[in-house]
Amino acid sequence: MTVLEAREVVSGYGEVEILHGVSIKVEEGEVVTIIGPNGAGKSTLMKSIFGLLPLKGGRVVFREEDVTGRPPQAMVRKGMCYVPQSDNVFSSLTIQENLEMGAFIRRDNYRARMEEVYALFPDLAARPHERAGKLSGGQRQMLALARALMLEPRVLLLDEPSASLAPNMVEHVFAKILEINRSGVAILMVEQNARHALGLSHRGYVLAMGQNRLEGSGEGLLNNDEVGKLYLGG
Amino acid sequence: MDKGRVITFLAVSAITAGVVGISANDAQSLGGFISFLTVFITTVAIFAIFALGLNVQWGYTGIFNFGIVAFFMVGAYTSALLTKEPSSSQYVRYVGGLNLAEGLGPLGLDGLTGFVLGALAAAVVSGLVAFLIAIPALRLREDYLAIATIGVAEVFRRIAIEEEGLVNGTRGLTGIPRPLHDLVSPPDYKYVYLAIAVVILFLIFIAIERSARSPWGRVLKAIREDELTTAASGKNIFSFRTQAFVLGAMIMGIGGAVYSANQGAIVPDTFSHFFGTFIIWAMLMVGGSGSNRGAILGAYVVWGFWTVTGLVQPHLPEALEARTSYIRDLLIGLLIIVVLLLRPNGLMGEERRVSLFMRRETNREARRVGAPTRSPEE
Amino acid sequence: MVQAVTSAVARVARIRQDYPQIADAIGGASLWVLFGVLLVVSVIDARQYLVTGIIVGSIIALGAIGITLIYGVLKFAHFAHGDMMMFGAYVALFALVGGGRIGPLSFGWGMIFAIFVAMAVLGVGSIAIDRVVYRPLRQRGSSSVVLAIASLGVAIVLRAIMLLWWGPDQQLYVSGIHPAREFPFDIKLKPDHIFIVATALVLMALVYLLLFRTKMGKAMRAMSDNADLARVAGIDTELVFMWTWVIGGALAAVAGILLGIQSNLKPELGFILLLPLFASAILGGLGSPQGALVGAMIVGISQEVVVGIDLPFPPFGVPGYKPAVAFGILILILLVRPRGLFGRT
């Protein structure tokens, strides 16, 4: 079943159009990576899907429901969560409070979920009352993921999860992403670290100049000559 | 005609009809009617000077001055102290008293020159005050300046009251010289002063219009639209903002000088937040910030509105009459809110400015969602 | 000349930019030293003024916490806050029926009832104002400055309503003379004063519990920390705005009433109150409620003590210069430590 689909999305900032009709699809249980050069519109696509930017054209369909133009809050309720690239934790709040904020819209008792999330991130569980601002870059990224998981989303949008992390942390974050995926959450991510990301993705898309350029399985794209030359550094 | 022009036309004609109609009805004679209109237009001209000063600060540069009354007050007292003769009584104590109005006779200069010198000094002192406030407050967030200016206004009022030897405390200054007062008989003097006020307003208007179109004015607008990009192109933002703030304050200082000579007497209570600051903001918002014509039109419409509601007062039932002035206050506050909600560009907000304003908002939105300002995507 | 001085200022500012941590630390340290000295002086020489300062400070704190919360969550300077305080005071005057006395206090249970009425009216009223004025502007994406100007409009309207309803003259809750009592260390206090400080402390404790123990309070802190992320995380921002108004409005109401108990009620006071309120909030660091409390205490005590110490030059010894003291503190912070004592950079 298709969890998330963007059809012919046209979007941008104000009068500046950046996406000129991009289509992507995420199937249940998949990890899908979007790569492309700077300015291709990768992050814009994520923000447009999530309702942070108004669409000028096209549709967003989430689990067979048209959610085009719905605000982020509605997306979150339906089971789509988004982790921005930077500033993605509440740094003056504690780890625990960050997770509580992730569960803001839940009216039920989310203690059990919190335990599950802590189990996935033992680093965080070790010090729930530490202020997020004191965490290292990698730990912050973990906390950002953890926060997004509090709502038990069906699909997780990740905007460059490995950006500005130390190499060993990159490994760690990707491993966590796979772990999250195995628990049944579909992942759509934008990555600069294309080789690595495609390596663990079921499928991938290549965007260029605000349009679809290529698509295929993660492995297929990795072995594609054009992708290799242009985006993977030969 | 588009909707905006219709509204402008309706607003101006309604105010004009109200002022002319009711005052004609109330006046005992044609002379009384003309005299009323003269005073009305003079007051509008004085308020328009303040509104122009605010437009240089807020409309052009986005500087947020909630203490207009401070500069109004400084200008009014400065020119009064310079043009008045020294105190001749031990019960009336004030500094200065340079007697510029009469004392320049031996140099072959008349009272008008003295008035002009007084007004220029008012401008200089107001500008200096603005400059001193700019140093701590203008570099920081916009709202810090607003609070600092409220503070200055309050502190100046307290100083005027507490330091009794400075400007004669709460009893205030009287007998402020009026330029060219010996030209005509006292009852006709208001026509002379109308001419003086209008000429000064006109000169300031021309000066601002010119400077707005100069390279200097273009930098100011660039700062308002996009501070980061302007800074990146090598302009010293702080310096330009300070200059605009100081220039606006100088204009307000001149307004104060024109006001005090028109009134002939000032006391600390003259300088209330309501008449010194709130109503001038209402004028600029109604007229359309960024537009000098709008500032003047706004002064006309708002003061006209104030006058009409004042003229209606005696015709109201007694129970209501006593409270009318507060209803007028209320309406001025509502006016600001309604204009912001329904016509954010005021009566004269030009289309070009609308789009510039929109772009700024778009940039802001773009920044908010984490994208760079100019280049699409990172 | 202007050019020369601006460039000199710019040069100093550049040094500050180049060594921000050092400048910030020096600024903070010098403020603490200054206020420490003031405190020592007042303990030795002006205990009565110190106590009055604490009373005034706790009143200002209730207002300043509201300002700082609104600034943090809604991201604009709320210039109607002083008038909201006064409005709350007048609502209580309206709701105050029946005399009587609680123990040694100058007022009775009617006043307690009136306080709750005023809190409710201001809490709900703030939401209503938000719906009519601020929310449409917010949804249009207006800048914070436009919202601040709108709040000036609201301030004018509130003040006009007070003038219309209650008139321009000053009023008292309870007339008559209420003698002060002697306390150790030559301090004289009225029972009402103890009520003022106690009420303020209780409310501040409640605000603390709200912000750190409840989900809504944590959401307010989250919004104040990172509004974009709050939106992304699915926090119902409109709901958080609403609660911020309720709390800010209710605290303003109580602050106004306590001010009325301490001195008197006058519509004009509202706008002038903005000066100590904002000076406190900025001194503490805008967005920091704990900072607002400390800031308010410093401003309140400084105002009273400076004006109480009789030195032969202004502003010392002249009660009329209290606003000048608040203004002086404001300028000082803006110069040496714009982020305030506890604010984030």
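**Notes on the predicted model**

1. Let me begin with chain C. Of its 345 residues, 52% count as buried. Please keep in mind throughout that this is a predicted model. Chain C holds 13 helices and 2 strands. Its radius of gyration is 21 Å, close to the 20 Å that the globule rule gives for 345 residues, so chain C is as compact as a globular protein of that length. The C-alpha trace of chain C spans about 60 × 55 × 40 Å along its principal axes. If you take the contacts in chain C between residues at least 6 apart in sequence, 75% of them join residues at least 24 apart.

2. Two helices of chain C are worth a look as a pair. Helix H3 (residues 47–74) and helix H11 (residues 269–284) of chain C have axes that come within 8 Å and cross at roughly 65°. The crossing of H3(C) and H11(C) is right-handed. On the H3(C) side, the residues that meet H11(C) include C:Ile60, C:Ala61, C:Gly63, C:Ala64 and C:Ile67. On the H11(C) side, the residues that meet H3(C) include C:Leu273, C:Pro276, C:Leu277 and C:Ala281. As a reminder for reading such a list, an α-helix has 3.6 residues a turn, so residues three or four places apart point the same way.

3. Is helix H12 of chain C mostly covered or mostly exposed? Mostly covered: 18 of the 20 residues of H12(C) are buried. This helix runs over residues 289–308 of chain C, and from its first C-alpha to its last it reaches 28 Å, close to the 28 Å expected at 1.5 Å a residue.

4. Helix H3 of chain B (residues 68–83) has 16 residues, and 16 of its 16 residues are buried. From first C-alpha to last, H3(B) reaches 23 Å, close to the 22 Å expected at 1.5 Å a residue.

5. Next, the place where chains B and C meet. The contact takes 49 residues from chain B and 43 residues from chain C. On the chain B side, helices that each supply at least two residues include H5 (111–137), H6 (142–162), H11 (237–263) and H16 (351–368). Which helix gives the largest share of the side of chain B that touches chain C? That is H6(B), with 13 residues.

6. Turning to chain A, its secondary structure comes to 10 helices and 10 strands. For 234 residues, a compact globule would have a radius of gyration near 17 Å, and chain A agrees with its 17 Å. The C-alpha trace of chain A spans about 45 × 40 × 35 Å along its principal axes, and 46% of the 234 residues count as buried.

7. One sheet of chain A is open and has 4 strands in the order S2-S1-S4-S5, with antiparallel pairing. Its edge strands, S2 (16–27) and S5 (65–66) of chain A, each pair on one side only. Strand S1 (residues 2–13) and strand S4 (residues 55–62) of chain A pair in the antiparallel sense over 6 bridges. Helix H1 (residues 42–50) of chain A lies across S1, S2 and S4 of chain A, running at about 110° to S1(A).

8. Another open sheet of chain A has 6 strands in the order S6-S7-S8-S3-S9-S10, with mixed pairing. The edge strands here are S6 (80–83) and S10 (211–217) of chain A, and the twist averages 15° from one strand to the next. H1(A) packs on this sheet too, touching S3, S6, S7, S8 and S9 of chain A. Within the sheet, S3 (residues 31–35) and S8 (residues 186–190) of chain A pair in the parallel sense over 4 bridges, and the bridge partner of A:Val31 in S8(A) is A:Ile187.

9. Finally, why does A:Gly102 count as buried? Because A:Gly102 has 28 C-beta neighbours inside 10 Å, where 20 or more are needed. A:Gly102 sits in helix H3 (residues 95–102) of chain A. A:Gly102 and A:Arg147 are 45 residues apart in sequence, yet their C-alpha atoms are 4.7 Å apart in space. Leaving aside neighbours within four places in sequence, the contacts of A:Gly102 include A:Arg147, A:Met150 and, from chain C, C:Ala233.

Key
Residues numbered from 1 in each chain as written. Chains lettered and ligands numbered in written order. Predicted model: local features only at pLDDT ≥ 70, side-chain atom pairs only at ≥ 80, totals over all residues. Pairing = 2+ DSSP bridges. Contact = placed C-beta atoms within 7 Å. Axes fitted to C-alpha atoms, helices over the stretch in contact; angles between N-to-C directions. Rg over C-alpha atoms; globule rule 2.2 N^0.38 Å. Buried ≥ 20, exposed ≤ 12 C-beta atoms within 10 Å, placed from the backbone. Expected span 1.5 Å × (residues − 1). Left-handed = near helix turned anticlockwise from the far one by under 90°.
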